[in-house]
Amino acid sequence: MKSSPRNAAPAAALAGITVLDLAGPLGNYCGKLFADLGARVILVEPAGGAPTRHAEPRVAGRDDPDASLTFQYQNTNKESIALDLDSDSGRQVFLRLAERSALVVESEQPGVMARRGLDYAQLAAVNPALTMTSITAFGQSGPFSHWLATDLTAMGMGGMLYLAGYPDTAPMVACGEQAVGAANLFAAVASMAAVYDAEAGGTGQHVDVSMQECVVMGMENAVQFHDLEGTIRKRNAGTQRLAGTGVFECADGYIYLMAGGVGSNRFWSTTTDWLIAEGAAGARQFTEPRWNDQAFLASDEAKRLFGEVFMPFAGTRDRHTLHEQARARRIPLAPISDASDIVRSPQRAHRGYFVDTEDARGTAVRMPGAPYRLSATPWRLRRRAPQLGEHTRQVLAWAGYTDAEQQALMAQGAVR
């Protein structure tokens, strides 16, 4: 093996892999994960642009196709070709691209790619080693497979929505389209495994991802509770699951405390000692034997009594003080961060987690980097998110089209 030049940048982990990302919201982040690790990811956009180009939030005061912060984040390190997949010429272009690629990621409704003549069977005919990943709301088969759905639909029908929120309110959906994110993450893992298998064996496969099923995977042990006990887990956000375990308000926000219920109540005794040492009124009652009884800790009386002691105590202290005092005693207590806390975090600053780039119009954009470190093949932000069709010419040239053929395709409206 040849050694790399001394000053050469290390090779990217997925260098040499080409991915066609069909620009759907259920697949854009999956494509980004490949692109950020060095794969060549070609964003195949319709003439009107990827749907995420129109997603909120946007750069303040702008309504152009490059102003969506969602699009800017999900499509860094990608190239863009605008291609009409519903035309015969566009279909032929896509087949030629697929012939040279390792992975296609698409999130059309089941049957759409088949009607275009671009389903897995037809793509595999031109490239047997190709992996095709299809991400849909309910999967490619079953009675719900053709239903349309949003993130909220999947969170509701996947069961997660029932567990989110407060006991005395209707269910609440988590911020940030978590169902869509889960579908993208599971799709990326499955796609990487399938691409690796294709490289080893020479034959690709079709990866079928259901967003709803991805949501069910995140429900922890809710299904097992029902299966083994007949118990339906319920919402408990903001309340004490056991006395001393839950979210509590303090002087400048909220903290999460876990004082009881684990470690043979070791945390209960250390929390009690802390409150007594700090002079919290009424804390000495927590030394009584009943506070070592799990059944009592789960009772409304115990939760009320603990709140009467801890909430006035926490209300006079800020998150930092409570966190530092609890850490000194090895008590599980965490400050609940808002977005400004996350951006200012010294830990994230030390690791260079947030990265700066610009959009196509030169507007500065700060975004999360990678939450992992590869020592030999590091993650790198190589290019901003592309403008619509910005790399059409380069992609067509890579696929073997001459200048004259490219001009003809543009004149036909197959590409732009």
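Residues are numbered from 1 along each chain as its sequence is written, and side-chain values use heavy atoms, with hydrogens and water left out. As this is a predicted model, local features need pLDDT of at least 70 and side-chain atom pairs count only at pLDDT 80 or more, whereas totals for chains, interfaces and linings use all residues.

The sheet is open and has six strands in the order β3-β2-β1-β4-β5-β6, paired in parallel; strands (E, at least two residues) and helices (H or I, at least four) are DSSP runs numbered from the N terminus, and two strands pair if DSSP finds at least two bridges between them. Its edges are formed by β3 (78–82) and β6 (206–210), each of which pairs on one side only, and from one strand to the next the twist averages 20 degrees. Within this sheet, β1 (residues 18–21) and β2 (residues 40–45) run parallel and are joined by four bridges, and Val-19 has Val-41 in β2 as its bridge partner.

Across β4 (103–106), β5 (131–136) and β6 lies helix α8 (residues 178–201), which runs at about 165 degrees to β5. Such angles run from 0 to 180 degrees between N-to-C directions, with axes fitted as lines to C-alpha atoms, for helices over the stretch in contact, where contact means heavy atoms within 4.5 Å.

Turning to the side chains, the count of salt bridges comes to 22, a salt bridge being a side-chain nitrogen of Lys or Arg within 4 Å of a carboxyl oxygen of Asp or Glu. One of them joins Arg-62 and Asp-359 at 2.8 Å, N to O. Arg-62 lies in the loop between β2 and α2 (69–74) and Asp-359 in the loop between β10 (354–358) and β11 (364–368), so this pair ties together parts that are 297 residues apart in sequence. Arg-62 is buried at 17% relative accessible area, and Asp-359 is buried at 2%, where buried means under 20%, exposed over 50% and partly exposed in between (1.4 Å probe, protein chains only). Arg-62 and Asp-359 also belong to a network of salt bridges with Asp-64 and Arg-361.

Another salt bridge links Arg-319 with Asp-252, whose closest N and O atoms are 3.5 Å apart. Because Arg-319 lies in helix α14 (residues 319–328) and Asp-252 in the loop between β7 (245–250) and β8 (253–258), the pair ties together parts 67 residues apart in sequence. Here Arg-319 is buried, with a relative accessible area of 14%, while Asp-252 is partly exposed at 39%.
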